[in-house]
Amino acid sequence: PTEGFALQFGAFSTREAAEKLAASLNSQGISAEIVKADDVFKVISPVVDTKEKALNELESLSDKEIEDVFVASFG
């Protein structure tokens, strides 16, 4: 979906910094993509249609050493 909720792992002023985080997450088996919004490059999980699904995804990452992740709405 193009609208919904996603986990936001970080926001950066440069695409290069966002790509580094996305590559790190992908290497850990965490699906991440980069979107540009308001002149900021955001590293997010795939967008899902409900907040509950995003929260479940966040909970599934509890065994990974990832900090400052939150659920954000998109669309």
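## Phe-5 and its surroundings

Leaving out residues up to four places away in sequence, Phe-5 touches Pro-46, Val-47, Val-48, Asp-49, Thr-50, Lys-51, Ala-54, Val-71, Ala-72 and Ser-73. The model is a predicted one. Phe-5 sits in strand E1. Is this residue buried, exposed or partly exposed? Phe-5 has a relative accessibility of 23%, so it counts as partly exposed.

Sequence separation and spatial separation can be set side by side here. Phe-5 and Glu-19 are 14 residues apart in sequence. In space, their C-alpha atoms are 21 Å apart.

Strands of a sheet pair through backbone hydrogen bonds, in either a parallel or an antiparallel way. E1 and E4 run antiparallel and are joined by five bridges. Gly-4 has its bridge partner in E4, and that partner is Phe-74.

## Two nonpolar cores

Which residues make up the largest nonpolar core? It has 11 residues: Leu-7, Phe-9, Ala-18, Ala-22, Leu-25, Ile-30, Ala-32, Phe-41, Val-43, Leu-61 and Val-69. At least two residues of this core come from each of strand E1 (4-12), helix H1 (15-27) and strand E3 (40-44). H1 gives the most, with three residues.

Val-69 belongs to the largest core. Residues up to four places away in sequence aside, Val-69 touches Leu-7, Gln-8, Phe-9 and Leu-58. Of these, Leu-7 and Phe-9 are also listed in the largest core.

## Charged residues

Side chains of opposite charge can pair when their charged atoms come close. How many salt bridges does the structure hold? It holds one. The side chains of Asp-49 and Lys-53 meet in a salt bridge, at 2.9 Å from N to O. Asp-49 has 46% relative accessibility, so it counts as partly exposed. Lys-53 is partly exposed too, with a relative accessible area of 45%. Asp-49 is also one of the residues that Phe-5 touches.

Lys-42 lies in strand E3. Lys-42 is buried yet has no salt bridge. Which side chain of opposite charge is nearest to Lys-42? It is Asp-38, 4.9 Å away. Not counting residues up to four places away in sequence, Lys-42 touches Gln-8, Gly-10, Ala-11, Glu-33, Ile-34, Val-35, Ala-37 and Phe-74.

## Two positive phi values

Most residues other than glycine have a negative phi. Asp-38 is not a glycine, yet its phi is positive, at about 55 degrees. Where does Asp-38 lie? Asp-38 is in the loop between E2 and E3. Its relative accessible area is 71%, so Asp-38 is exposed.

Asp-68 also has a positive phi, near 60 degrees. Asp-68 is found in the loop between H2 and E4. At 68% relative accessibility, Asp-68 counts as exposed.

## Val-40 in strand E3

Strand E3 is also the place of Val-40. Val-40 has a relative accessible area of 25%, so it is partly exposed. Setting aside neighbours within four places in sequence, Val-40 is in contact with Ala-11, Phe-12 and Val-35.

Val-40 and Ser-27 are 13 residues apart in sequence. Their C-alpha atoms are 23 Å apart in space.

Notes:
Residues are numbered from 1 along each chain as its sequence is written. This is a predicted model: local features need pLDDT of at least 70, side-chain atom pairs count only at pLDDT 80 or more; totals for chains, interfaces and linings use all residues. Side-chain values use heavy atoms; hydrogens and water are left out. A nonpolar core is a set of buried Ala, Val, Leu, Ile, Met, Phe, Trp, Tyr and Cys residues joined through side-chain atoms within 4.5 Å. Buried means under 20% relative accessible area, exposed over 50%, partly exposed in between (1.4 Å probe, protein chains only). Helices (H or I, at least four residues) and strands (E, at least two) are DSSP runs, numbered from the N terminus. Contact means heavy atoms within 4.5 Å. A salt bridge is a side-chain nitrogen of Lys or Arg within 4 Å of a carboxyl oxygen of Asp or Glu. Two strands pair if DSSP finds at least two bridges between them. Lys and Arg count as positive and Asp and Glu as negative; His and the chain ends are not counted.
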